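Me: Could you walk me through reading a pocket and a helix packing in a model like this one?

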Amino acid sequence: MEGFWASLVGDVWNIHLAIMGILVSVMTLLYASLSGKVEELNSIKQSEEYALMNRATAISNSIERLRNLNKRVMIGLVISFCLFVLTTIIKYLPEGCITMWVAAFIVFITLGLFIYGIILAYDIYSQYQKEIF
């Protein structure tokens, strides 16, 4: 049974490596969108036209939402990195050291991170829908 838990920790290690790659990509895309919005806001900020003032307000709100989403992606990235380091340490321990409880704890936290990621993906998609329409 020990081999099963060691294999499970190794699989979770691979999952966290993939999650980190995905989150870095998402964070980069959000940052690119955010910097584009900031540039647009800076270009229309000094305008006295009513339509452009409304657009500036909408852009400011969008910038704030994108910053919050990027912070949440960063939180997920930090959690995933910590679990990646933890599973790396555990992966190279002698096989007798990996207990069912340690592996179950790591799997439980990983499932929580998946749920967090699904909620985050939904929020990013909702933000995308708000900006498109």
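**The pocket and the helices**

Reply: Gladly! The lining of the largest pocket holds 11 nonpolar residues, 2 polar and no charged. Here Ala, Val, Leu, Ile, Met, Phe, Trp, Tyr, Cys and Pro count as nonpolar, Asp, Glu, Lys and Arg as charged, and the others, Gly among them, as polar. This is a predicted model, where local features need pLDDT of at least 70, side-chain atom pairs count only at pLDDT 80 or more, and totals for chains, interfaces and linings use all residues. Residues are numbered from 1 along each chain as its sequence is written, and side-chain values use heavy atoms, with hydrogens and water left out.

Me: Which residues lie nearest the centre of the largest pocket?

Reply: First the idea: rolling a probe the size of a water molecule over the atoms shows where empty space is left. A pocket is an open set of points on a 1 Å grid over the protein atoms alone, where a 1.4 Å probe fits, with protein on both sides within 12 Å along at least five of seven lines; lining residues have an atom within 4 Å of a point. In this case 13 residues line the largest pocket, and I19, I22, L23, G117 and L120 lie nearest its centre. α3 gives the most to the lining, 7 residues.

Me: How are α2 and α3 oriented, parallel or antiparallel?

Reply: Angles run from 0 to 180 degrees between N-to-C directions, with axes fitted to C-alpha atoms over the stretch in contact; under 35 degrees counts as roughly parallel, over 145 as roughly antiparallel, 65 to 115 as roughly perpendicular and the rest as oblique. Helices are DSSP runs (H or I, at least four residues) numbered from the N terminus. Helix α2 (residues 50-91) packs on helix α3 (residues 100-132) at about 160°, with axes 10 Å apart, and α2 and α3 are therefore roughly antiparallel. Their contact comprises 16 nonpolar, 6 polar and 5 charged residues.

Conventions. Helices (H or I, at least four residues) and strands (E, at least two) are DSSP runs, numbered from the N terminus.
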